[in-house]
Amino acid sequence: MKQLAACGLLLLLASMTAAGAGSENLSVSVADPYLELRTGPGRGFPVFHVVERGETVEVETRRTDWFQVKDAKGHEGWVHKSQMAETLLPAGVKLEIEDPGREDFGSHKREAGLLVGDFGGANVVAVYGAYSFNEHLAAELALAHILGNFSDGQYLTVGLTHVPVPEWRIQPFLSIGTGVINVQPKATLAGGEARTDQVAYAGIGVRAYVARRFMLRGEYKEYVIFTDRDDNEEDIEWKIGFAFFF
């Protein structure tokens, strides 16, 4: 556990130096009579501002079929890809928009998924979400339900993952994090008491691009559970499942 955690921490700290290194936003000009800016990424959000023909906007991020842009006056909103496809690059050609795929796998901003596996001999089902600071470093939030023979439980963790080679189709990664775990003994277990403890983990894993926005993910983690007794507990977890990126 100590060796795995130390290795993961060193790589994660090394990758954080790249997190603050941003790249310039793409700038495009409006070719249609106007460009509609919505308050959110969806047609259900209202149009609050229009950018007129000839004005420029900066593309800040993309979420599925919606682009977040900002005009010269500081108005920031969301534009559908159908309108963005009619904007012009500085060279005077139309902006070419490709659907997310293999090329976007290593540079996506968000992902979410469902994983199943084993936690200390009990079945575990987990959902997670992640936000990437750059191609190498991401923050993850996970919520899991543990189903055992003698007790059930839940845990909530937050951590960091490091992907050394984001350009690969099959990407190994390291993870490290902390959280809380709650365990409730079954009613048939006499003398058992529910308890909530802090946990820390270090792990390794792999994620593989499948198609479009989908990936397969597997991971192995070693946990330390900080109890109020004299000895802390250690558990091993493995999980596998599907996720999608956007």
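I count two strands as paired if DSSP finds at least two bridges between them. For helices (H or I, at least four residues) and strands (E, at least two) I take DSSP runs, numbered from the N terminus.

**Entry 1, ground rules.** I am working on a predicted model, where local features need pLDDT of at least 70, side-chain atom pairs count only at pLDDT 80 or more, and totals for chains, interfaces and linings use all residues. I number residues from 1 along each chain as its sequence is written, and side-chain values use heavy atoms, with hydrogens and water left out.

I looked up the secondary structure and found three helices and 14 strands in the chain. Eight of the strands close into an antiparallel barrel, in the order E7-E8-E9-E10-E11-E12-E13-E14. From one strand to the next the twist averages 25° (axes are lines fitted to C-alpha atoms, for helices over the stretch in contact; angles run from 0 to 180 degrees between N-to-C directions). I then checked E7 (residues 110–119) against E14 (residues 233–245): the two run antiparallel and are joined by nine bridges. Ala112 has Phe244 in E14 as its bridge partner.

I list nine aromatic pairs in the structure (rings of Phe, Tyr and Trp, the last by its six-membered ring, with centres within 6.5 Å; planes under 30 degrees apart are stacked, over 60 edge-to-face, the rest tilted). One of them is the tilted pair of Phe105 and Tyr209, at 5.6 Å centre to centre and 45° between the planes. Phe105 belongs to helix H3 (residues 102–105) and Tyr209 to strand E12 (residues 195–211), 104 residues apart.

Phe245 is buried, as is Phe105.

I found Arg207 over the face of Phe105, 5.5 Å from the ring centre (the test asks for NZ of Lys or CZ of Arg within 6 Å of the ring centre and within 35 degrees of the ring normal). Lys221 lies over the face of Tyr201, 4.2 Å from the ring centre. Tyr201 also belongs to one aromatic cluster with Phe119, Tyr155 and Tyr223.

Definitions and conventions: Buried < 20%, exposed > 50% of the residue type's maximum accessible area, 1.4 Å probe, protein only.
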